[in-house]
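These notebook entries record what I looked up on charge pairing and on open space.

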Amino acid sequence: MSLLLCRLEPVKHPFVVAELGVRLFSSQELCYVIYENPLLVMEDFVDERLIQFIREDLDMDFLAGKLENWKKSGEDPDNMLLLILAECSYYTSGEVNRYRQTLIQLRKKHPAEFGKIRADYLFGKRQYGRGIALYEKLLEFPKDNVVNDLFFSRVWCCLGACHARMFQAEKAYRAYEKAYFYDNRNEKILEQIYYLKAMFPNISIAPRMQSMLKLIRKEDWNLHIDQARKKGEESGAVKELDKLFLKDETQCLDGASKLVQQWKQEYRGMM
């Protein structure tokens, strides 16, 4: 994080934003996190811990008091974010207004659509455990013009990706199987199951899924696996695992079983 700081504040206990892997030492840094990560801060970010940081470490008792009163009122919580941006004066009024419009547009989305966008954001930040919790809530929505079989299939695919990233092979497979149940014309789901089997040879694949896999030409899939193995041997980079089990079905999946054991402990440390 790179900022031009204009205030010196007596921060003794930095505020930790675990999702971003950063510690905040100033009101400017706090504003930056809020402004650049609306999906992170729109739900329960302004809590007692943050208010305490604002009061005791940023020495902004007046702002802390206003935030406490706003929380007690039960009014629009997004206004607390705008209040912080306005009081800290790090962004211009025009920038704050643009941020307000961003919040408004996000809140206009269907609740399930908004929930998936937030879950996808956490997935991108490698917060797989929190992502799983949000994805599972999406499965409780009743069907409508947005929440349909295709939506459920995508959610289950994302759950499969999260579990795969956490090396929970059986749960990942069951999630992909569910995804295929809702969208059985989607060959990409079979592709993900194939890669999962390559990573975790001991998982059991249902006979029906095995039959489907036998009907598909898998030359390209095997090529991706070979390429990932080669890259893993050459670079040993964690980023090779990051290319595996992408939630975006339009992107190519890339991975290899040899990478799993090498980076297993490091990835678990990210949870």
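I searched the whole structure for salt bridges (a side-chain nitrogen of Lys or Arg within 4 Å of a carboxyl oxygen of Asp or Glu) and found 11. The model is predicted, so I note that local features need pLDDT of at least 70 and side-chain atom pairs pLDDT 80 or more, while totals for chains, interfaces and linings use all residues. Residues are numbered from 1 along each chain as its sequence is written, and side-chain values use heavy atoms, without hydrogens and water.

I looked up R107 and found its side chain in a salt bridge with D78, at 2.9 Å from N to O. This pair joins distant parts of the chain, with R107 in helix α6 (residues 93-107) and D78 in helix α5 (residues 78-88), 29 residues apart; helices are DSSP runs of H or I, at least four residues, numbered from the N terminus. R107 is partly exposed at 34% relative accessible area, whereas D78 is buried at 5% (buried is under 20%, exposed over 50%, partly exposed in between, with a 1.4 Å probe and protein chains only). I also noted that a salt-bridge network links E43, D78 and R107.

I next checked K143, which forms a salt bridge with D149, the closest N and O atoms lying 2.5 Å apart. K143 is exposed at 54%, and D149 is partly exposed at 32%.

I then examined R55 and D61, whose side chains form a salt bridge at 2.6 Å, N to O. R55 is partly exposed at 26% relative accessible area, and D61 is partly exposed at 46%.

Conventions:
Helices (H or I, at least four residues) and strands (E, at least two) are DSSP runs, numbered from the N terminus.
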